[in-house]
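The sequence and structure are shown first.

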Amino acid sequence: MSRLLAQLWPPDVAQRIFIGVVLVFVSGGAAALLLHTPLTLLPAVLAVGLLLVLADWRLVYFLLFATLAFAREIPVPGGLSLDMPSEPLMMVVTGCVGAALLLGRTRLRRRELQHPIVVLLLLLLLWSVTSSFFSVDTTKSVKYLLAKVWYLVPFVLGTWLIVQRPGQVWHVAGLYVGSACVTVVVTAIRHAGSGFSFDGINPAVELFYRNHVTYATVLALLLPFALYGARCSRGWARLAWRVAAGLLLFGLLTAYTRASLLALPVAAVFYWAIRLRLMRLLLVGSVAAGLAGSIYFLSENTYLLYAPDFEKTVFYGDDFEKHLEATYKLQDMSGMERLYRWVAAVRMAADRPLVGSGPSTFYPEYKRYTVRSFRTYVSDNPEHSTTHNYFLLLLAEQGFPGMLLFMVLLVVALLMLEALYHRTRPGSELRYITLACGLSLVIILFHLLLNELIEVDKIGSFFFLNLAVLIRVGTWVREE
């Protein structure tokens, strides 16, 4: 036994510290959930400080991804909330990245800093600042701006400082995939108690996720990394990736989330568009369809014809087949409630088309703009959710410039994805990294049509990481 423990005990001091901090965070997080207090996470915060003193700060970056799947939202004074432990770790990484750059210990590539995607991200941030000056709730908008900083710095700049070789992409993805698989196993055990029923999924995931939508989205966006990680590996590593892919797919199928299930065939369509160089045609067709739909619904108030019947709009929580049937019959409560919010978002944008109401202010501002004929049984919105469409959320909160900048960002990213695919060698590691990040990005973008997820730590983190890695792949291709 002592010989086995000696083999398992890491020989490197930094690795021992990392494992110790992970154990402290997991135990502290479990205690916080059981006792309903964030104070039990204080030892973990102190452990991070010790980690910075005794080891390399880059371990905090890896710790962030190792614990990301276990993060929980905790309310803080002022009506705001904080994701623990992910957001404190993002703040620590943000400070460490800033200190490393200011002290000259490391440098960023100028070519990457001048990349069009980085320029667009900065323009989006600057426009958010501009919109915040006209915000109806300055406190919420300032919190949004601060959160944007500790999303952009760790997952873009921090990724560039740490991911110096292609193999390190799989290390980062593997940490998140591994922790997500743990949540799948725990969720499956809890879900089995209800016979894997449709109405049992939300109680099963609430230990780690806000709802089954977030849970399914995380599994869907990680699936490309598991699939291409297996193709890039050999031996036990390939087996581990395949097992992870199976667990992610099982969790996705039993999450009963329509958008996440549909996201996989959508990603397949984008894969063939990339391979056949049809991305421009696909983007033009998507924009044309969006514009045509908008003109149709807005002309002569045609959208009013699709107002739901209040009595017939229900939620089939115990039957997923009836839930799907109600969706295409326009009698599903969640779908009709989305229409209720979308109509309000468009009316908000019409009132303040340039700067919007301000970042993170959709709730409760939208209630003044709703159309009563679209109300459903859940329109009181006790959970304070927003539009369920990220593009309309930007339109309502930051006006047309904010939404258009984001759309340009996505177009540039998808065109870059197609270009990188054809610049990498078939069967090469860079080709697989490009596809993993690109298809993961496509899956996130599809979910944005039905949910607002960029500000969710478990999803927004990989949105920005995927962009950063794709830019870095371009550098690696040039160096080859």
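## Packing of H18 and H19

The model is predicted. Helix H18, residues 390-423, and helix H19, residues 429-448, have axes that come within 11 Å and cross at roughly 155°. Because an angle over 145 degrees counts as roughly antiparallel, H18 and H19 are roughly antiparallel to each other. Their crossing is left-handed.

On the H18 side, the contact is formed by Tyr390, Phe391, Phe406, Leu410, Ala413, Leu414, Leu417, Leu420 and Tyr421. Their partners in H19 are Arg431, Thr434, Leu435, Gly438, Leu441, Val442, Leu445 and Leu448.

## Overall organisation

The chain contains 20 helices and two strands. Of its 480 residues, 51% count as buried. Among contacts between residues at least 6 apart in sequence, 75% join residues at least 24 apart.

## Packing of H7 and H8

Helix H7 (residues 116-132) packs against helix H8 (residues 138-162) at an angle of about 165°, and the two axes are 10 Å apart. H7 is therefore roughly antiparallel to H8. The crossing of this pair is left-handed. H7 contributes Val118, Leu121, Leu125, Ser128, Val129 and Ser132 to the contact, while H8 contributes Ser141, Tyr144, Leu145, Lys148, Leu152 and Trp160.

## The two sides of H12

Helix H12 comprises the 19 residues 235-253. At 1.5 Å a residue it should span 27 Å, and the 28 Å between its end C-alpha atoms agrees with that expectation. Its buried residues are Trp241, Ala244, Ala245, Leu248, Gly251 and Leu252. They lie on the same side of H12, because they cover an arc of only 130° around the axis. An α-helix has 3.6 residues a turn, so residues three or four places apart point the same way.

On the face turned away from the buried side, H12 carries the exposed residues Gly235, Trp236, Leu239 and Arg242.

## A mostly covered helix, H4

Helix H4, residues 58-67, is mostly covered, with nine of its ten residues buried. The buried residues are Leu59, Val60, Tyr61, Phe62, Leu63, Leu64, Phe65, Ala66 and Thr67.

Trp342 belongs to helix H16, residues 333-351. Its relative accessibility is 23%, so Trp342 counts as partly exposed. Trp342 and Leu392 are 50 residues apart along the chain, yet their C-alpha atoms are separated by 6.9 Å. Beyond its neighbours within four places in sequence, Trp342 is in contact with Thr387, His388, Asn389, Leu392, Leu449 and Leu450.

His388, one of these partners, is placed in the loop between helix H17 (362-365) and H18. His388 has a relative accessibility of 17%; it therefore counts as buried. With neighbours within four places in sequence left aside, the contacts of His388 are Arg338, Arg341, Trp342, Leu449, Leu450, Asn451 and Glu452.

## Backbone geometry

Most residues other than glycine have a negative phi, and most peptide bonds are trans. Where does the peptide bond that joins Met84 and Pro85 stand, cis or trans? That bond is cis, with omega about 0°, and Pro85 is located in the loop between strand S2 (80-84) and helix H5 (86-102). The bond from Tyr363 to Pro364 is likewise cis, with omega near 0°; Pro364 lies in helix H17.

Phe196, although not a glycine, has a positive phi of about 55°. Phe196 is found in the loop between H9 and helix H10 (201-205) and is partly exposed, with a relative accessible area of 27%. Tyr256, also not a glycine, has a positive phi of about 55°. The loop that holds Tyr256 runs between H12 and H13. At 18% relative accessibility, Tyr256 counts as buried.

Methods: Residues numbered from 1 in each chain as written. Predicted model: local features only at pLDDT ≥ 70, side-chain atom pairs only at ≥ 80, totals over all residues. Heavy atoms only, no water. Helix = DSSP H or I, 4+ residues; strand = E, 2+ residues; numbered from the N terminus. Expected span 1.5 Å × (residues − 1). Buried < 20%, exposed > 50% of the residue type's maximum accessible area, 1.4 Å probe, protein only. Arc of directions from axis to C-beta. Axes fitted to C-alpha atoms, helices over the stretch in contact; angles between N-to-C directions. Parallel < 35°, antiparallel > 145°, perpendicular 65-115°, else oblique. Left-handed = near helix turned anticlockwise from the far one by under 90°. Contact = heavy atoms within 4.5 Å.
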